[in-house]
Amino acid sequence: MPAVHAEGLFKVFGRRTAEAVDRLRDGASVADVRERGATPAVIDVSLTVEPGEIFVVMGLSGSGKSTLLRMLNGLLEVTAGTVRVGDAELTALDDKALRRLRQEQMSMVFQHFALFPHRSVLDNAAYALEVRGVDRATRRAKAQEALALVGLDQWADQKPGQLSGGMKQRVGLARALAADTDLLLMDEAFSALDPLIRREMQDQLLELQASLGKTIVFITHDLNEAMRLGDRIAIMRDGRIVQIGTPDQILEDPADDYVRQFLADVDRGRVFTARHVMVEAPTLVAPTAAPAHVLQTMQAHRTGSVLVGDGDGRVAGVATEDAVRTAVATGAPSLAGVALLPPVDVRATTTLSDLLAPAAQDEVPVTVVDDDGRLLGVVPRGAVLAALGGVPRPAPSAAPAPADPVGASAVATKETIRG
Amino acid sequence: MADTVFRAAEDGALPQIPVGDWIDSGFDWVTENFSPVFDVISAGTETGVEGLRDALLFPPSILLAVVLAVLGGVVRSVRFAVVSLLGLLLLISMRMWEPAMATLALVLVSAVIAVAIGIPIGVSAAKSDRVSAVLRPVLDFMQTMPAFVYLVPAVTFFGIGLVPGVVTTIIFAMPPAIRLTELGIRQVDPELVEAGHAFGSPPGKILRGIQLPLALPTIMAGVNQVIMLALSMAVIAGLIGAAGLGGVVVTSISRLDVGLGFEGGLSVVILAIYLDRLTSAFGQQRGRLGGIPSFLSRGGTVGKAGLGASSRSADAVTPVGTDQNSPNRPAR
């Protein structure tokens, strides 16, 4: 069951809104509807948010993203369409049931923090629980826990006015976390913070998300933020969603020129990661392989080095052509005695900016490994620059460039070398 | 040409509208049909005001003056306590204590009633644009109608004496309570109210827990204004037989007694300054009693710190209040 499901949502302000919805459904233009005194803010939006994902709604100011968010928790009444949260149809609830739903299933983080200046940080964090009627001792304990999660437990007795912007928003986050709802709505939560703090908060959110597994609907106007945080992104323009997809899908296949324009502003070095540029993991050369055989294969593929495995899917090191040649000359029975260069490992989530330095050295290919150190793929050197420059990625099956000295092609394939 | 038109108008080309006659007959009708109601109101008000006056006059005047001064000291500052003690002692020495206490009783009762009626009206005006739109001209009427004009109908309903004084004072003094309550609540950051809704808080709890506490400084400014207007009206009410400093001033006018008039006027000023400083201290949270919001905000631990700290204005991790009496010092 999806965490949030919205179907055919419309929000029209002004006069004769129902008529405006009908006209929009019949294909009337926004300008046309506007002329008749109605202002459409959200037009025919449908979306599904799966449990545990960060769903980012991105758009410029006036694109209707905040209006959309407020319809998801009923702060704004929909003009048409339905919203389901969990198994409840939010749009069909009366006021009392709606309040209950908000108390128990959703909390919100605001752009300007919306902390209550007359309450202490702790009482702010405990607010949702207080509304729900949790007794004082319990709610204070839970609020204190939530403050500890965001690193502000020392500030519990202060007033929000005494905190910096970043700290205030962490209180805002703690207030939402203390409510212990599965769904978190974040309305431009980090937009009012300066860039450094914003990045810090994004990291903290991702960290919290990894451990708490909330469902988050995150509104932003910043595509970099969307790409960094979002499992999926919906891009809004003039009240409509123009594209929904994973960051990769959007990057690789922008739905229209509008999205493409946006992407032009993306800091590719920070948005693209090793995962985007790596190519299929080659089979590791077993340490027991015969040097002569290896050398032969390397020459056949015109590569300068091979990755030597440890027999357990991890990279033990890199053998250069010279090293293998030496092993052949000395008559070594296997690669075991060959002096290996240490591998240059990166993670799949390493950004391109952080890939530049590893990719710049020229003897060892950059290997992408998972948390256990197992090989996922390698990064062809040219690919980093190509991705930064916006050159479309070659199809995964593309043949390696023959002259590539240490790139992906440097590695032997399964058929040619077996341990 | 134009001249003849104007002349025609003066001569009755426009019909005369007997607004005054209508009002007269309207008041007659109300008086005839509702006199029992007025009698009850009369009796209640009279008991209230006279009871309070007697209570104020019960302790020795010097003792009460000291108590009032100490109250000022607690709420505001020692300097204020000293100055108000001097002022109140001067009242006693001028032999104006008794009328001053009668006026104080009248002012307090009227102000309490005006505030008790005005704040709920202000709240509903803040919640509804329609109520607000209807109220605005009514409030304008109440405030700009010359104060003396209220006296006549009040006398018609309640006769000469204390009660019409209280009634006119309430009507005259109520508008600031309504206006500033509405203003205060409307000024509360909408995002904070939205936050209340987003966490599923019912409207009553949002009002009590968020809007009223945050509007409190503004509302208290309104209460302060109510008291000041009540005081000015209480003096005018002397014209229709309300006892107190108003009576003293009216007597001095009829006798052309400059000295007595000045004493009465000076007493009003002393009372006014005392009440103004006292109530404005509540509103600005400058004094040592900073915890008024906690009365309203259930479950809040407002403790020592007041309302002055606005969430957005101060990003730095520093105390917001710079006043040396500020309660906003961080309680580290």
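**Two chains of a predicted model**

Let me begin with chain A, for which the domain assignment gives domain 1, covering 49-267, and domain 2, covering 275-410, the bounds of such domains coming from an automatic or database domain assignment. The C-alpha centres of domain 1 of chain A and domain 2 of chain A lie 42 Å apart.

Residues are numbered from 1 along each chain as its sequence is written, and chains are lettered from A and ligands numbered from 1 in the order in which they are written.

Staying with chain A, we find 18 helices and 16 strands, where helices (H or I, at least four residues) and strands (E, at least two) are DSSP runs numbered from the N terminus. Taken along the principal axes, the C-alpha atoms of chain A fill a box of roughly 85 × 55 × 35 Å. Of the 419 residues in chain A, 49% are buried; a residue is called buried if 20 or more other C-beta atoms lie within 10 Å of its own, exposed if 12 or fewer, and partly exposed in between, with C-beta atoms placed from the backbone. Among contacts in chain A between residues at least 6 apart in sequence, 68% join residues at least 24 apart, a contact meaning that the C-beta atoms of two residues, placed from the backbone, lie within 7 Å.

Next, a point about the backbone. Most residues other than glycine have a negative phi. In chain A, however, A:Arg16 has a phi near 45°, a positive value in a residue other than glycine, and A:Arg16 is found in the loop between strand 1 (4-14) and helix 1 (17-25) of chain A. Because A:Arg16 has 14 C-beta neighbours inside 10 Å, A:Arg16 counts as partly exposed. In chain B, B:Arg95 also has a positive phi, of about 60°, although B:Arg95 is not a glycine, and its place is in the loop between helix 4 (78-93) and helix 5 of chain B. B:Arg95 has 10 C-beta neighbours inside 10 Å and therefore counts as exposed.

That brings us to helix packing in chain B. Helix 2 (residues 19-57) and helix 5 (residues 97-127) of chain B pack at an angle of about 135°, with their axes 8 Å apart; the axes are lines fitted to C-alpha atoms, for helices over the stretch in contact, and the angles run from 0 to 180 degrees between N-to-C directions. The crossing of helix 2 of chain B and helix 5 of chain B is right-handed, which is the term used if the near helix is turned clockwise from the far one by less than a right angle, anticlockwise being left-handed. Among the residues that meet here are B:Leu52 and B:Leu56 in helix 2 of chain B and B:Met101 and B:Leu108 in helix 5 of chain B.

A second pair in chain B is helix 6 (residues 129-144) and helix 8 (residues 162-187), which pack at an angle of about 145°, with their axes 9 Å apart. Helix 6 of chain B passes helix 8 of chain B in a left-handed crossing.

Finally, B:Val74 lies in helix 3 (residues 61-75) of chain B. B:Val74 and B:Leu278 are 204 residues apart in sequence and 9.9 Å apart in space, C-alpha to C-alpha.

Technical notes:
Predicted model: local features only at pLDDT ≥ 70, side-chain atom pairs only at ≥ 80, totals over all residues.
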